[in-house]
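Q: Please take a close look at a single part of this structure. I would like one connected description of how that part is built and what lies against it.

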Amino acid sequence: MKKYLPALILFAVFETLAVFLWLAKGNLFYLFNFTYIGACLASGLTLFAYGNKSARRLVQLAVGSYMLIYLGLICRENMQIEGFWYYLFLGTFEAAFIHYAAAKIFGPLIFGRGFCGYACWTAMVLDFLPYKKPQAQRKNWGFIRYFTFIMAFALVCGLFIAQTIDIEKIMFWLFITGNFLYYAVGIWLAVRLKDNRAFCKYICPVTVFLKPLSYFSVLRVHCDEKMCVNCGKCLEVCPMDVEVNRETRKRKNGTECILCYNCVKVCPKNALS
Ligand code: SF4
Ligand code: SF4
Ligand code: SF4
């Protein structure tokens, strides 16, 4: 029973949100949406507790493809950062806005960059590439994310200022072209730098929200430095170059942790938890 408890708590949190939004907004979609995501995450947590090596990938595929295919392509909601600005400017409290608020703005205060490890549809594809452990020295290219962030914001502002007709339709096509660009650049960069997560480290505009907020995350990997023998195994397997063998929140690249727990699995001294 103890093994199932975290999964049950997680499911209960999502179900509470599902029922609350369903009743508050009078829309059955919210009940379905949050029940599905909660069930996926809880199932993944249970598989994880039983040592299933593919648990994270299964959750990532189930949630990521739901957001990309169902919410994005079928329901035609722009789930990318442009969609967030668009619905924010409209004052519409819809899927893309709720998604950003829950997964990328307020959520990271609790579960850090769990979205990046378990739900992102861009990383869902990038994680199929063979460079799971970065094979090159990390570049100093993090500044690019601020350009992509400003570009996305300026693009949506421009559409509103120009009073573009049929903006909803444009947002849908922006979602398709935006994703295509993300995949193309992400795959190219991953192959070039031999690092699956290069796009996440240097280009992704969402990290402008994710990084500072996840610094305060309640959920994080802890290191008992007294038990650590500095073998470096955790550093070798980390896809995000996190200096996880230090306990402080100021550890190098600490705000990049995607909670994949690869480091915890390889530590020979059980110093990480
Ligand atoms: S950094 Fe961006 S692309 Fe990478 S997993 Fe997170 S949200 Fe997705
Ligand atoms: S290997 Fe550890 S430190 Fe690195 S991203 Fe995964 S959980 Fe975080
Ligand atoms: S794998 Fe464990 S013992 Fe080795 S450096 Fe990391 S925390 Fe320390």
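A: The part described here is helix 2, residues 28-49.

This is a predicted model, in which local features need pLDDT of at least 70 and side-chain atom pairs count only at pLDDT 80 or more, while totals for chains, interfaces and linings use all residues. Residues are numbered from 1 along each chain as its sequence is written, and chains are lettered from A and ligands numbered from 1 in the order in which they are written.

Helices are DSSP runs (H or I, at least four residues), numbered from the N terminus. Helix 2 has 22 residues and spans 32 Å from first to last C-alpha, close to the expected 32 Å (1.5 Å times one less than its number of residues). Glycine 51, with a positive phi near 80°, follows helix 2.

Buried residues of helix 2 include Tyr30, Phe34, Ile37, Leu41 and Leu45; buried means that 20 or more other C-beta atoms, placed from the backbone, lie within 10 Å of the residue's own. The buried residues pack against helix 1 (5-25), helix 3 (55-74) and helix 7 (114-118), contact meaning C-beta atoms, placed from the backbone, within 7 Å.

The axes of helix 1 and helix 2 come within 8 Å and cross at roughly 175°; axes are lines fitted to C-alpha atoms over the stretch in contact, with angles from 0 to 180 degrees between N-to-C directions. Helix 1 is therefore roughly antiparallel to helix 2 (an angle over 145 degrees). Among the contact residues are Phe11, Phe14 and Trp22 of helix 1 and Phe34, Leu41 and Leu45 of helix 2. By class, this contact has 19 nonpolar, three polar and two charged residues; Ala, Val, Leu, Ile, Met, Phe, Trp, Tyr, Cys and Pro count as nonpolar, Asp, Glu, Lys and Arg as charged, and the others, Gly among them, as polar.

Technical notes. Helix = DSSP H or I, 4+ residues; strand = E, 2+ residues; numbered from the N terminus. Buried ≥ 20, exposed ≤ 12 C-beta atoms within 10 Å, placed from the backbone. Contact = placed C-beta atoms within 7 Å. Parallel < 35°, antiparallel > 145°, perpendicular 65-115°, else oblique.
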